[in-house]
Amino acid sequence: MNTDITELNSHFGIEDQVVFKTIHDDFVIVEINNVHATASIALQGAHFMSWVPKGEEPVIWMSQEASFKSGKSIRGGIPVCWPWFGDHSTNSSLPAHGFARTALWEVIQTEALKEDATLIAFRLIQNDANHDGWPYSSELEILFIIGESLRIDLVTRNTGESAFTVGDALHTYFSVSDVRNITINGLEDCLYLDKVDGSVEKKQQIGAVRFDQETDRIYLPSTDDCVIDDPGFKRRIRISKLNSESTVVWNPWIEKSIKMGDLGQDGYLDMVCVESANAADDVVLLAPGEKHHLWVCYSVE
Ligand code: BG6
(Lines give C-alpha, C1' and ligand atoms only; values in the text may rest on other atoms or scores of the structure.)
Protein backbone atom coordinates (compact mmCIF):
# COMPACT_ATOMS: atom_id res chain seq x y z
CA MET A 1 0.00 0.00 0.00
CA ASN A 2 1.24 3.46 -0.74
CA THR A 3 1.28 5.13 2.66
CA ASP A 4 3.62 7.93 1.71
CA ILE A 5 1.67 11.03 2.70
CA THR A 6 3.45 13.30 0.25
CA GLU A 7 2.71 10.93 -2.66
CA LEU A 8 -0.90 10.38 -1.59
CA ASN A 9 -1.47 14.11 -1.35
CA SER A 10 0.14 14.73 -4.71
CA HIS A 11 -1.85 11.98 -6.52
CA PHE A 12 -5.17 12.14 -4.71
CA GLY A 13 -5.22 15.29 -2.56
CA ILE A 14 -7.62 18.10 -3.45
CA GLU A 15 -6.62 21.43 -1.98
CA ASP A 16 -8.54 22.24 1.22
CA GLN A 17 -10.92 19.34 0.49
CA VAL A 18 -9.07 16.01 0.54
CA VAL A 19 -5.97 15.86 2.73
CA PHE A 20 -3.98 12.77 3.75
CA LYS A 21 -2.21 12.74 7.10
CA THR A 22 -0.95 10.38 9.81
CA ILE A 23 -2.33 10.10 13.32
CA HIS A 24 -0.79 8.21 16.26
CA ASP A 25 2.61 8.24 14.50
CA ASP A 26 1.94 5.97 11.52
CA PHE A 27 -1.80 5.45 11.02
CA VAL A 28 -2.79 6.98 7.68
CA ILE A 29 -6.14 8.71 7.34
CA VAL A 30 -7.73 11.07 4.86
CA GLU A 31 -9.71 14.11 5.94
CA ILE A 32 -12.51 15.50 3.80
CA ASN A 33 -13.90 18.99 4.15
CA ASN A 34 -16.50 20.46 1.80
CA VAL A 35 -19.44 22.89 1.83
CA HIS A 36 -21.72 20.31 3.42
CA ALA A 37 -19.65 18.25 5.84
CA THR A 38 -16.38 17.08 7.27
CA ALA A 39 -15.35 13.42 7.35
CA SER A 40 -12.36 11.17 7.87
CA ILE A 41 -11.45 7.69 6.67
CA ALA A 42 -8.58 5.37 7.63
CA LEU A 43 -6.72 3.60 4.83
CA GLN A 44 -6.65 0.44 6.94
CA GLY A 45 -9.99 -1.25 6.32
CA ALA A 46 -11.17 1.77 4.26
CA HIS A 47 -12.63 2.38 7.69
CA PHE A 48 -14.93 5.41 7.68
CA MET A 49 -14.33 7.24 10.96
CA SER A 50 -16.45 10.39 11.09
CA TRP A 51 -19.12 12.32 9.22
CA VAL A 52 -20.23 15.66 10.59
CA PRO A 53 -22.72 17.53 8.37
CA LYS A 54 -22.18 21.27 8.93
CA GLY A 55 -24.16 22.51 11.95
CA GLU A 56 -24.96 18.95 13.12
CA GLU A 57 -23.80 16.70 15.91
CA PRO A 58 -21.52 13.94 14.56
CA VAL A 59 -23.65 11.28 12.87
CA ILE A 60 -21.09 8.47 13.08
CA TRP A 61 -19.89 7.39 16.52
CA MET A 62 -16.26 6.67 17.37
CA SER A 63 -15.23 5.22 20.73
CA GLN A 64 -13.02 7.40 22.89
CA GLU A 65 -11.07 4.22 23.64
CA ALA A 66 -10.69 3.15 20.01
CA SER A 67 -7.18 2.04 19.16
CA PHE A 68 -5.61 2.78 15.82
CA LYS A 69 -3.21 -0.08 15.33
CA SER A 70 -2.15 -2.10 12.34
CA GLY A 71 -4.28 -5.25 12.00
CA LYS A 72 -6.75 -4.29 14.75
CA SER A 73 -10.34 -3.31 14.04
CA ILE A 74 -11.34 0.19 15.10
CA ARG A 75 -14.22 0.41 17.61
CA GLY A 76 -16.67 2.78 15.98
CA GLY A 77 -17.09 4.33 12.55
CA ILE A 78 -18.06 1.99 9.71
CA PRO A 79 -16.20 -1.32 9.76
CA VAL A 80 -16.57 -3.21 6.47
CA CYS A 81 -17.59 -6.82 7.20
CA TRP A 82 -16.50 -8.98 4.25
CA PRO A 83 -16.47 -11.71 2.88
CA TRP A 84 -18.51 -13.12 5.74
CA PHE A 85 -20.62 -11.59 8.49
CA GLY A 86 -20.06 -12.69 12.12
CA ASP A 87 -18.19 -15.94 12.64
CA HIS A 88 -16.88 -17.88 9.66
CA SER A 89 -19.35 -20.67 8.91
CA THR A 90 -16.89 -23.56 9.38
CA ASN A 91 -13.68 -22.23 10.95
CA SER A 92 -14.00 -20.26 14.19
CA SER A 93 -10.29 -19.44 14.21
CA LEU A 94 -10.81 -17.07 11.29
CA PRO A 95 -11.51 -13.42 12.16
CA ALA A 96 -15.11 -12.48 12.99
CA HIS A 97 -16.69 -10.33 10.25
CA GLY A 98 -13.98 -11.34 7.75
CA PHE A 99 -10.63 -9.75 6.99
CA ALA A 100 -11.51 -6.65 4.98
CA ARG A 101 -11.86 -4.39 8.01
CA THR A 102 -8.26 -4.89 9.11
CA ALA A 103 -6.65 -5.35 5.69
CA LEU A 104 -4.78 -2.86 3.58
CA TRP A 105 -6.73 -0.84 1.01
CA GLU A 106 -5.44 1.55 -1.62
CA VAL A 107 -6.97 4.81 -2.76
CA ILE A 108 -8.06 4.60 -6.40
CA GLN A 109 -10.00 7.82 -7.00
CA THR A 110 -10.85 11.18 -5.48
CA GLU A 111 -13.07 13.82 -7.06
CA ALA A 112 -14.75 17.07 -6.11
CA LEU A 113 -18.28 16.63 -7.49
CA LYS A 114 -20.45 19.38 -8.98
CA GLU A 115 -23.01 18.94 -6.21
CA ASP A 116 -20.30 20.13 -3.77
CA ALA A 117 -19.87 16.60 -2.47
CA THR A 118 -16.58 14.67 -2.40
CA LEU A 119 -16.05 11.25 -3.90
CA ILE A 120 -13.34 8.92 -2.65
CA ALA A 121 -12.90 5.27 -3.63
CA PHE A 122 -10.67 2.49 -2.30
CA ARG A 123 -9.73 -1.02 -3.43
CA LEU A 124 -8.84 -3.88 -1.12
CA ILE A 125 -5.34 -5.09 -1.79
CA GLN A 126 -5.59 -8.87 -2.09
CA ASN A 127 -2.48 -10.73 -1.06
CA ASP A 128 -1.83 -14.24 0.11
CA ALA A 129 -2.45 -13.41 3.76
CA ASN A 130 -5.92 -12.22 2.87
CA HIS A 131 -6.97 -15.55 1.48
CA ASP A 132 -7.42 -17.53 4.71
CA GLY A 133 -10.96 -18.87 4.45
CA TRP A 134 -11.44 -17.20 1.08
CA PRO A 135 -10.00 -19.31 -1.73
CA TYR A 136 -11.66 -17.24 -4.45
CA SER A 137 -10.54 -14.74 -6.98
CA SER A 138 -12.41 -11.52 -6.29
CA GLU A 139 -12.15 -7.75 -6.22
CA LEU A 140 -13.57 -5.48 -3.56
CA GLU A 141 -13.99 -1.74 -3.90
CA ILE A 142 -15.78 0.86 -1.81
CA LEU A 143 -16.89 4.27 -2.92
CA PHE A 144 -17.95 7.06 -0.56
CA ILE A 145 -19.80 10.22 -1.59
CA ILE A 146 -19.63 12.67 1.28
CA GLY A 147 -21.91 15.66 1.23
CA GLU A 148 -25.34 16.56 2.58
CA SER A 149 -25.90 12.82 2.71
CA LEU A 150 -23.36 10.01 2.97
CA ARG A 151 -23.60 7.44 0.16
CA ILE A 152 -21.59 4.24 0.18
CA ASP A 153 -21.27 1.57 -2.50
CA LEU A 154 -19.44 -1.65 -1.56
CA VAL A 155 -18.78 -3.61 -4.75
CA THR A 156 -17.75 -7.28 -4.85
CA ARG A 157 -16.69 -8.75 -8.22
CA ASN A 158 -16.19 -12.39 -8.98
CA THR A 159 -13.03 -12.36 -11.08
CA GLY A 160 -12.53 -16.14 -10.97
CA GLU A 161 -13.78 -19.23 -12.80
CA SER A 162 -16.17 -20.56 -10.18
CA ALA A 163 -19.22 -19.21 -8.34
CA PHE A 164 -18.99 -18.22 -4.68
CA THR A 165 -21.26 -16.88 -1.97
CA VAL A 166 -20.33 -13.77 -0.08
CA GLY A 167 -21.70 -12.12 3.07
CA ASP A 168 -21.12 -8.46 3.85
CA ALA A 169 -22.22 -5.56 6.05
CA LEU A 170 -21.61 -1.89 6.63
CA HIS A 171 -21.36 -2.18 10.41
CA THR A 172 -22.22 1.45 11.07
CA TYR A 173 -22.01 2.91 14.58
CA PHE A 174 -24.46 5.84 14.78
CA SER A 175 -24.05 8.53 17.39
CA VAL A 176 -27.15 9.06 19.56
CA SER A 177 -27.94 11.34 22.51
CA ASP A 178 -28.96 8.42 24.78
CA VAL A 179 -29.71 4.96 23.43
CA ARG A 180 -32.38 4.50 26.15
CA ASN A 181 -34.47 7.28 24.60
CA ILE A 182 -34.25 6.54 20.89
CA THR A 183 -36.46 4.39 18.69
CA ILE A 184 -35.72 2.68 15.41
CA ASN A 185 -38.59 2.59 12.95
CA GLY A 186 -38.76 0.54 9.78
CA LEU A 187 -38.42 -2.93 11.27
CA GLU A 188 -41.99 -3.27 12.55
CA ASP A 189 -43.36 -6.81 12.06
CA CYS A 190 -40.03 -8.11 10.69
CA LEU A 191 -38.77 -11.48 11.85
CA TYR A 192 -35.38 -11.59 13.55
CA LEU A 193 -32.75 -13.95 14.91
CA ASP A 194 -31.94 -13.02 18.50
CA LYS A 195 -28.20 -13.55 18.97
CA VAL A 196 -28.38 -12.62 22.68
CA ASP A 197 -30.36 -15.70 23.69
CA GLY A 198 -29.00 -17.74 20.80
CA SER A 199 -32.52 -18.67 19.76
CA VAL A 200 -32.91 -20.64 16.58
CA GLU A 201 -36.60 -19.79 16.26
CA LYS A 202 -37.20 -16.42 14.68
CA LYS A 203 -39.00 -13.78 16.76
CA GLN A 204 -41.21 -10.99 15.47
CA GLN A 205 -40.62 -7.29 16.05
CA ILE A 206 -43.66 -5.61 17.59
CA GLY A 207 -43.64 -1.83 17.08
CA ALA A 208 -40.46 0.27 16.98
CA VAL A 209 -37.15 -1.06 18.34
CA ARG A 210 -36.26 0.34 21.81
CA PHE A 211 -33.27 -0.37 24.04
CA ASP A 212 -33.14 -1.36 27.70
CA GLN A 213 -30.73 -4.31 27.52
CA GLU A 214 -28.11 -5.98 25.32
CA THR A 215 -29.53 -6.16 21.80
CA ASP A 216 -28.01 -8.20 18.99
CA ARG A 217 -30.47 -9.09 16.25
CA ILE A 218 -30.46 -10.00 12.59
CA TYR A 219 -33.71 -8.84 10.99
CA LEU A 220 -34.38 -10.98 7.93
CA PRO A 221 -35.86 -10.18 5.51
CA SER A 222 -35.71 -6.43 5.97
CA THR A 223 -35.31 -4.05 3.06
CA ASP A 224 -37.22 -0.89 4.08
CA ASP A 225 -35.56 2.33 5.25
CA CYS A 226 -34.72 2.36 8.95
CA VAL A 227 -35.08 5.66 10.80
CA ILE A 228 -33.34 6.38 14.11
CA ASP A 229 -35.59 8.82 15.93
CA ASP A 230 -33.49 10.74 18.46
CA PRO A 231 -35.49 13.31 20.46
CA GLY A 232 -32.39 14.29 22.50
CA PHE A 233 -30.51 15.44 19.39
CA LYS A 234 -33.83 16.56 17.81
CA ARG A 235 -33.09 14.63 14.64
CA ARG A 236 -33.88 11.53 12.66
CA ILE A 237 -31.21 9.57 10.81
CA ARG A 238 -32.57 7.82 7.72
CA ILE A 239 -30.84 4.68 6.48
CA SER A 240 -31.77 3.66 2.93
CA LYS A 241 -30.24 0.66 1.24
CA LEU A 242 -30.19 -1.54 -1.85
CA ASN A 243 -29.21 -5.18 -2.34
CA SER A 244 -29.33 -5.95 1.37
CA GLU A 245 -32.01 -8.28 2.69
CA SER A 246 -30.90 -8.19 6.33
CA THR A 247 -30.45 -5.51 8.97
CA VAL A 248 -28.40 -6.02 12.12
CA VAL A 249 -29.23 -3.97 15.21
CA TRP A 250 -26.63 -4.08 17.97
CA ASN A 251 -25.95 -2.47 21.32
CA PRO A 252 -23.70 -4.37 23.77
CA TRP A 253 -25.17 -2.71 26.90
CA ILE A 254 -23.23 -2.66 30.19
CA GLU A 255 -21.65 -6.05 30.89
CA LYS A 256 -20.57 -6.82 27.36
CA SER A 257 -19.12 -3.36 26.83
CA ILE A 258 -17.05 -3.72 30.02
CA LYS A 259 -15.75 -7.07 28.71
CA MET A 260 -14.98 -5.59 25.31
CA GLY A 261 -12.80 -2.96 26.96
CA ASP A 262 -12.67 -0.47 24.07
CA LEU A 263 -16.12 1.12 24.21
CA GLY A 264 -15.17 3.78 26.74
CA GLN A 265 -16.89 4.68 29.99
CA ASP A 266 -20.65 4.43 29.33
CA GLY A 267 -19.88 4.50 25.60
CA TYR A 268 -22.74 2.08 24.94
CA LEU A 269 -25.20 4.86 25.83
CA ASP A 270 -24.01 7.08 22.98
CA MET A 271 -24.15 4.58 20.12
CA VAL A 272 -26.30 2.16 18.22
CA CYS A 273 -25.28 -0.04 15.30
CA VAL A 274 -27.75 -0.35 12.44
CA GLU A 275 -25.98 -2.51 9.90
CA SER A 276 -27.10 -2.90 6.30
CA ALA A 277 -26.10 -6.45 5.63
CA ASN A 278 -26.20 -9.71 3.78
CA ALA A 279 -26.00 -11.84 6.91
CA ALA A 280 -27.02 -15.30 8.17
CA ASP A 281 -28.94 -17.05 5.34
CA ASP A 282 -28.88 -13.85 3.34
CA VAL A 283 -25.65 -14.45 1.44
CA VAL A 284 -25.13 -13.44 -2.17
CA LEU A 285 -24.32 -15.96 -4.87
CA LEU A 286 -22.02 -14.54 -7.53
CA ALA A 287 -21.32 -16.37 -10.78
CA PRO A 288 -18.00 -15.73 -12.57
CA GLY A 289 -17.97 -12.18 -13.91
CA GLU A 290 -20.90 -11.02 -11.76
CA LYS A 291 -20.77 -8.20 -9.26
CA HIS A 292 -22.76 -7.23 -6.20
CA HIS A 293 -23.34 -3.67 -4.95
CA LEU A 294 -24.24 -3.20 -1.30
CA TRP A 295 -25.43 0.41 -1.39
CA VAL A 296 -26.53 2.69 1.45
CA CYS A 297 -27.49 6.32 1.88
CA TYR A 298 -27.52 8.01 5.30
CA SER A 299 -29.25 11.35 5.73
CA VAL A 300 -30.32 13.56 8.62
CA GLU A 301 -33.87 14.92 8.84
C1 BG6 B 1 -22.34 -7.17 15.50
C2 BG6 B 1 -22.63 -8.61 15.89
O3 BG6 B 1 -22.55 -7.03 14.13
O4 BG6 B 1 -20.98 -6.90 15.79
C5 BG6 B 1 -22.31 -8.80 17.36
O6 BG6 B 1 -24.00 -8.91 15.61
C7 BG6 B 1 -20.87 -8.41 17.64
O8 BG6 B 1 -22.55 -10.15 17.73
C9 BG6 B 1 -20.65 -6.98 17.16
O10 BG6 B 1 -20.62 -8.49 19.03
C11 BG6 B 1 -19.22 -6.46 17.36
O12 BG6 B 1 -18.32 -7.30 16.74
P13 BG6 B 1 -16.76 -7.04 16.85
O14 BG6 B 1 -16.12 -8.22 16.18
O15 BG6 B 1 -16.47 -5.75 16.15
O16 BG6 B 1 -16.45 -6.95 18.34
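Trainee: In what order do the eight strands of the open sheet stand?
Mentor: The model is predicted, so to speak of its local features requires pLDDT of at least 70 and side-chain atom pairs count only at pLDDT 80 or more, while totals for chains, interfaces and linings use all residues. Residues are numbered from 1 along each chain as its sequence is written, and side-chain values use heavy atoms, with hydrogens and water left out. Strands are DSSP runs of E with at least two residues, and helices are runs of H or I with at least four, numbered from the N terminus; two strands pair if DSSP finds at least two bridges between them. With antiparallel pairing, the order is S6-S7-S8-S9-S22-S18-S17-S13.

Trainee: Which strands stand at the edges of this sheet?
Mentor: An edge strand here has a single partner strand, so one side of it is left without a neighbour in the sheet. The strands in this position are S6 (105-112) and S13 (183-185).

Trainee: What is the average twist from one strand to the next?
Mentor: Axes are lines fitted to C-alpha atoms, for helices over the stretch in contact, and angles run from 0 to 180 degrees between N-to-C directions. From one strand to the next, the twist averages 15°.

Trainee: Which residue in S9 stands opposite Glu141?
Mentor: Strand S8 (residues 138-146) pairs with strand S9 (residues 150-158) in the antiparallel sense, over nine bridges. Opposite Glu141, the residue in S9 is Val155.

Trainee: Which residue takes a positive phi in the hairpin of S1 and S2?
Mentor: Strands S1 (residues 18-23) and S2 (residues 27-33) are antiparallel and share six bridges, and Val19 stands opposite Glu31 in S2. Three residues lie between the strands. The residue with a positive phi, near 45°, is His24.

Trainee: How many disulfides does the structure hold?
Mentor: A disulfide is a pair of cysteine sulfur atoms within 2.5 Å. Cys190 is in no disulfide, the nearest cysteine sulfur being that of Cys226 at 7.8 Å. The number of disulfides is zero.

Trainee: What is the radius of gyration of the protein chain?
Mentor: The chain has two helices and 22 strands. The radius is taken over C-alpha atoms, and the globule rule is 2.2 Å times the number of residues to the power 0.38. For 301 residues the rule gives 19 Å, so the chain is as compact as a globular protein of that length, with a radius of gyration of 18 Å.
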